Amino acid sequence: MVVRGRDAILAAAATLFARQGYRATTLEDVADTLDIKKASLYHYIRSKEELLTEIYDRILTRIDAAVRPVAESGLPADERLRRMVHAHLEVVTAERDMLAVVFREEPELSPEAKRAIRARKRDYERIFERVVDEGQQAGLLRPLTTRLVVFALLGMCNWTYQWFREPGDTPGPGSDPSSAEDVASEFVLLLESGWRSQAGDGRRGAWPRPDTVTAAVAPVARALEEAQAALAAVSAELGGATDRLEDGLARPPGKN
């Protein structure tokens, strides 16, 4: 194995822990999944407990790295919160096995590791709390209880690991074929506007605002390019059909 071998071990362990439980999984199971000998695992890890702890560290680090820069940007608080939800959900939907482990297997951590992980989770919640507080102070967000807002927001997003399926995945109970971006946009719209119908509002989601005019018109520009390409193809086919028809009409009777 090369350096990425440790990543492969973590991914395999997360999948097994998520599907059959931490206690029911052995290091032999992990080795068999990777088609290596158990002894080879010890070049990278010392125990199954170390694997579990590192899974927590890996996923919490990744989510923090995706969301914190958005929270610390200079954008208005409501836009930051919208983008934070999108960034958080992108990681959750991409790492469903690791998230399943994180939400189910905390009792299996050592007391020391458990304290450290809980402290990191609380620190992550504070990232959202600060942005919500700033939004309320600026009059951009309703003056609700900050912690309840964050609990509701993260609870909605985190539970996605239970039911979300990428297109092409094996369907699961309550699965939804939508993309992660579409799920995030509808969650944000629900959080921003509630579920009551508003006159004249036919939106299907709330996406982050584009940073530039070019980014804003990019979807329309792509659609226009696709339409032009399709029109060119139809024009070429029409020209070919016209040539064939004229050629056929120009032939003398009885000639092929």
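This is a predicted model: local features need pLDDT of at least 70, side-chain atom pairs count only at pLDDT 80 or more; totals for chains, interfaces and linings use all residues.
**Helix 10 and its surroundings**

Helix 10 covers residues 180-193, which makes 14 residues, and the distance from its first C-alpha to its last is 20 Å, close to the 20 Å expected at 1.5 Å a residue. Several of its residues are buried, namely Ala180, Val183, Ala184, Ser185, Phe187, Val188 and Leu189. The cover over these buried residues includes helix 5 (77-94), helix 8 (146-158) and helix 9 (160-163). Just after helix 10 comes Gly194, whose phi is positive, at about 80°.

**The largest pocket**

The lining is made up of 23 residues, of which Leu141, Leu144, Val149, Leu191 and Glu192 are the closest to the centre of the pocket. When the lining residues are divided by kind, 14 are nonpolar, four are polar and five are charged.

**Two loop residues**

Thr25 and Asp35 both lie in loops, with Thr25 between helix 1 (4-20) and helix 2 (27-34), and Asp35 between helix 2 and helix 3 (38-41). Their accessible areas are set side by side in the table.

| Residue | Relative accessible area | Class |
|---|---|---|
| Thr25 | 0% | buried |
| Asp35 | 71% | exposed |

Thr25 is classed as buried because its relative accessible area, 0%, falls under the cut-off of 20%. Asp35, in contrast, is classed as exposed because its value of 71% is over 50%.

Which residues does Thr25 touch, if those up to four places away in sequence are not counted? The residues in contact with Thr25 are Leu16, Phe17, Gln20, Val30 and Lys48. With one of them, Gln20, the contact includes a polar contact of 3.1 Å between the two side chains. A polar atom of the Thr25 side chain also lies 2.8 Å from the backbone oxygen of Gly21.

For Asp35, the backbone deserves a careful look, as its phi is near 60°, which is a positive value in a residue other than glycine.

How values were computed:
Residues are numbered from 1 along each chain as its sequence is written. Side-chain values use heavy atoms; hydrogens and water are left out. Helices (H or I, at least four residues) and strands (E, at least two) are DSSP runs, numbered from the N terminus. The expected span of a helix is 1.5 Å times one less than its number of residues. Buried means under 20% relative accessible area, exposed over 50%, partly exposed in between (1.4 Å probe, protein chains only). Contact means heavy atoms within 4.5 Å. A polar contact is a pair of N or O atoms within 3.5 Å; within protein, one must be able to donate a hydrogen and the other to accept it, and residues adjacent in sequence count only if both atoms are side-chain atoms. On a 1 Å grid over the protein atoms alone, a cavity is a set of points where a 1.4 Å probe fits but cannot get out, and a pocket is an open set with protein on both sides within 12 Å along at least five of seven lines; lining residues have an atom within 4 Å of a point. Ala, Val, Leu, Ile, Met, Phe, Trp, Tyr, Cys and Pro count as nonpolar, Asp, Glu, Lys and Arg as charged, and the others, Gly among them, as polar.
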